[in-house]
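Colleague: Before I rely on the labels attached to this model, I would like to hear what stands behind each of them. Could you take me through them one by one?

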2 protein chains.
Amino acid sequence: MKPLGPDSVVLTDGFFKEVVGRNAEVSLMNIYRRFQPTRFAALDCVKRDPPSHIFFDSDVAKWLESAAYLSVRYPSEAIAKIVGETVGKIVAHQLPCGYFNSYYQVYKPDRIFCERTEHELYCAGHLIEAAVALDGTGLNKELLPAMRKYADYIYERFYVKRDAAFVTCGHPEIELALIRLYEHTKEEKYLRLAKFFLDERGTRAEEIYPGREPQYDQTHLPVREQREAVGHAVRAIYLYIAMADAGRLTHDDALIDAAKTLFRSIVDQKMYITGGTGSNYVGEWFTEPYDLPNEYAYAETCSAIALALFCGRLSKIENRAEYHEVFERVLCNNILAGQSLSGKGFFYTNPLETNLPHLKFAHEHAVPYQPIAERVELFDCSCCPPNLTRFFGQLETALYGEEESALLVNQYLSSKVSIADMVLLLQSEYPLGGHVRIDAEGTGTLKLRIPAWSGKPTCTVNGKPYPIRPRGKYFTVKIEGKTEIALDLDPRLRFVYANERVTENSGRRAVEYGPLVLCAEGVDNGSALRNLSVTSLHGERRTEGGIPCFLLPAERLTTDGALYSRKKPKKVPCTVKLIPYYAWANRGETDMQIWFLA
Amino acid sequence: MKPLGPDSVVLTDGFFKEVVGRNAEVSLMNIYRRFQPTRFAALDCVKRDPPSHIFFDSDVAKWLESAAYLSVRYPSEAIAKIVGETVGKIVAHQLPCGYFNSYYQVYKPDRIFCERTEHELYCAGHLIEAAVALDGTGLNKELLPAMRKYADYIYERFYVKRDAAFVTCGHPEIELALIRLYEHTKEEKYLRLAKFFLDERGTRAEEIYPGREPQYDQTHLPVREQREAVGHAVRAIYLYIAMADAGRLTHDDALIDAAKTLFRSIVDQKMYITGGTGSNYVGEWFTEPYDLPNEYAYAETCSAIALALFCGRLSKIENRAEYHEVFERVLCNNILAGQSLSGKGFFYTNPLETNLPHLKFAHEHAVPYQPIAERVELFDCSCCPPNLTRFFGQLETALYGEEESALLVNQYLSSKVSIADMVLLLQSEYPLGGHVRIDAEGTGTLKLRIPAWSGKPTCTVNGKPYPIRPRGKYFTVKIEGKTEIALDLDPRLRFVYANERVTENSGRRAVEYGPLVLCAEGVDNGSALRNLSVTSLHGERRTEGGIPCFLLPAERLTTDGALYSRKKPKKVPCTVKLIPYYAWANRGETDMQIWFLA
């Protein structure tokens, strides 16, 4: 499948148009302000106090990439000016050989390409992605030649001379970036170098991050032999993306097969209901299959973004509705939750349950992992905020695709799409409702995905009932002339149960609405939310302060004061107010719960 | 209430006689062998490799105290010889001033009484307890004068001259030890010094263990103002014991009131169903009320022992059945579980749930807290093993008491008790059954505690039905001549529910039998035990390999393979095999579960 990009697709209105607009008009500049004194200032390449960090360049790069995408729909002189100045600094400080790294050039000039664990090629990869994006959208044409020069230098050192002190980078990213550079420039050497990095990974003992194992950065096995998603989740999925891309471009079935198997490992065994991955804060790790703790979930925003991108890449190889299904789950839950409704605050980790007394203890004592219950504008390691802006900046590319001359509708965001023989206007309430109206004009085949979350979806074409295929598949409509398609995806509330091996959720169930996972917050429902059971899905729907709420019949287990008692807890009827998970933690620190007593 | 000691009480047979015998005949010598190359060798007071640790003397002291108690019923020439040699070394290396600490004398002679956090007075306290015990049982009379000299020196430095670099010790113990020394010798100054340490604690800023808060060692408030059990659980309860003792001996109602309030804080809000306390490994801490995680429970064996001892101390002030109730819960569950059935292995922490995949991950990666699922013979910090032997060595003192000329039966272990006007032979199946037969002879009042766990207890006196008071209280029988009391405590299986605020257990229940908490092990019941629900208490009882088992009707939630599904899990009928918690982890590493789906 060939995904359709912003040349063909435009978000027209509705929920996600607002989200993207907020990212363009609020988040991007707000992140810049927070980054300016550190990340952007580091580009002056002078010693500073506090000193620069090893991966600051990658934060700037992701911001530049975000600016490239978001400026297509939201042009801004202020942003363009910052982009120009920033690229100017990079180009000005780039070494004659092509190398650029604001940390190494200033703090460790004699250690360039000596330290495998210190993110040099990771930063290079993000700069290359930024360059490709800026060139592609035309916002800046200066960074691409500079980063090609840098890529040429990496090729020279790592592939031709092979005189760097390491072979593969401790944090995958360069691989997928080089492939993007190849696809943009058609210069074969970049693909050759990416393939080299993939081929070499896991074939030798390499320097590992202190205290970590080879699994941590996926050097435990040659990539084609990797069958289980392990180690640092973001590192892992960035690698898998490159495997999928390289497999597709070089027709390497073993690479493709490994990437698909690793996808299965994630979505069949290691993914939260929110689409989050990497459940353990130790090493931000995938851990054992089915180990998905809710309260101490790590589920980094960046790894959710990585999984969404991985879905897109796999659908290019062989399109399957499931890839868009998973994309949708990640998008509407973990990714959206990574950002506050104001566009200014961010979560790095995304727990599925919060208990304020536990947080209080963790924050008052030296507990190693301290989840937070309110988003912040900046982290020490602030990789997630600009990853969100660059993700939302590319959202339009995830909606439609072309395959065997058919136009595929993969996501139902309100949008307009134009291809050679057809124009489509899609209007929907997505993700807050299931009614979709598509006005098509032209000639061709339309394939529409029925989400697996649909209840009993129905369709009419030009006012006549139209039989549709089961959910979780595509159905086809031939378009000739003006055609009006009315689709009710039926996003009805439903209970969802976890696999028996996800023992954290034994005897519990979640509530979903359409693509949205719902949750209860303490601010609406009191404390000790683990005692709540949603007893019926027939209730009332409201919108409060812009947040959709579902008021449903429920019960709360209630005991007398004894710590232990033979008395069975009473089931006290009550009403629970559920909101979408994406909207949690926007009304102050409060308890939160997704998995309710069944 | 005055507890009756080994002069009056002797265990005759049955379960606990075997436990105590095993501690005397296996554990004591096995611990010595494990301690000899390190703890005992350190008493030579020379520099060694590996170097000595700051608290090695306390391990030796608890071993000596254990030897004192256990030798009363299990005299052993080998043990007596080790005791003699060990005391000889201590006396030989004691400084002329009276000071003795094998660590400070060798490694930091110029830092004596300079470092509050380094357990000096804690070690002194345990040595004093050992000296009192050895003198009391007559096994050794040499250590007491030496330790009196040490106590006199502490009195001189801390109370008279006040020239030590700190006022109170970072780990309470000296306080309760000095009170024991006072009670044994009647020398008022030891009580005065203990009271001084209590009075001064929390009245000033003192050096705190690095990275910790004043709550950690209970210096956050003057002791009489402390109302909530906080900080390191063992430190806390050792302090509370001293508060109770000092309050009783000096008629200090404020101290007594604080001790009783702190007891309530523990048993109403911070105690596991197993009697474990201190739920968080960070700081071995009491944490927030009702925060009682099962899988990552800390519940150190030593803090369970401390709570049991605290119950005994409070009952001396004002006897209440509840103190013996809690003692029984701690004894029959957390304390017994601290030791393997072989007598050789020990748990330091006592989780209430084990999931092997989580342990695998923790052990393979640098997870800060790594619970274990199999007992070991020695820990780096090996305080628990000799604490168990000294606890079991004193067990006879916890069974009976005298109050207002009545003889109180507090625990139903098979035993014989003789007081001035009465002899009692008690035969029971305790804790594995509820039938108790008491043959009394003499004249007087007998008060028998009906455990709160009893179903419908019944009693006959000389064959005639005898009305008894409700469970959780004492009932009275007048003894004149030969009297035969037959009591059925009715230990029937029952479900127990936790307070709604213990959210870890929401929607779950435990199964108890008599004083025993039951659990399911993976070796009997497969994995993913959190899916099990015990549906009926009517089943079969067996004994397998010396372990009592209950085979009960149950259900297991079972799903298809999907990670998330709308399909409600099936409830598949099965039989669950429950064993007492004390017997878990004696058949290899396996999953374990106490709280089942309700």
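**Labels and their grounds**

Modeller: Pro50(B) sits in the loop between α1 (15-40) and α2 (56-73) of chain B, where a helix is a DSSP run of H or I of at least four residues, a strand is a run of E of at least two, and both are numbered from the N terminus. The model is predicted, so local features need pLDDT of at least 70 and side-chain atom pairs count only at pLDDT 80 or more, whereas totals for chains, interfaces and linings use all residues. Residues are numbered from 1 along each chain as its sequence is written, and chains are lettered from A and ligands numbered from 1 in the order in which they are written.

Colleague: What kind of peptide bond leads from Asp49(B) to Pro50(B)?

Modeller: That bond is cis, its omega being near 0 degrees, and Tyr430(B) and Pro431(B) are likewise joined by a cis bond with omega about 0 degrees; Pro431(B) belongs to the loop between β7 (422-428) and β8 of chain B. Most peptide bonds are trans, and most residues other than glycine have a negative phi. Ala299(A), in the loop between α10 and α11 (301-317) of chain A, has a positive phi near 45 degrees although it is not glycine.

Colleague: What makes β8 and β12 of chain B a pair of strands?

Modeller: Pairing requires that DSSP find at least two bridges between the strands; β8 (residues 435-449) and β12 (residues 483-488) of chain B have six and run antiparallel, and they therefore qualify. Val436(B), for example, is bridged to Leu487(B) in β12(B). Strand β9 (residues 458-461) of chain B also pairs with β12(B), antiparallel and over four bridges, with Val461(B) opposite Ile485(B).

Colleague: How do you know that β13 of chain A pairs with β19(B)?

Modeller: Two bridges join β13 (residues 494-498) of chain A to β19(B) in the antiparallel sense, and the pair therefore meets the threshold; Tyr497(A) has Ser565(B) as its bridge partner.

Colleague: How many residues does each chain bring to the contact?

Modeller: Chain B brings 48 residues and chain A brings 48, two residues being in contact if their C-beta atoms, placed from the backbone, lie within 7 Å. On the side of chain B that touches chain A, β13(B) gives the most, with five residues. That side of chain B divides into 21 nonpolar, 16 polar and 11 charged residues, with Ala, Val, Leu, Ile, Met, Phe, Trp, Tyr, Cys and Pro counted as nonpolar, Asp, Glu, Lys and Arg as charged, and the others, Gly among them, as polar.

Colleague: How does the radius of gyration of chain A stand against the globule rule?

Modeller: The rule is 2.2 Å times the number of residues to the power 0.38, with the radius taken over C-alpha atoms; for 598 residues a compact globule would be near 25 Å, and chain A, at 24 Å, agrees. The C-alpha trace of chain A spans about 75 × 70 × 45 Å along its principal axes.
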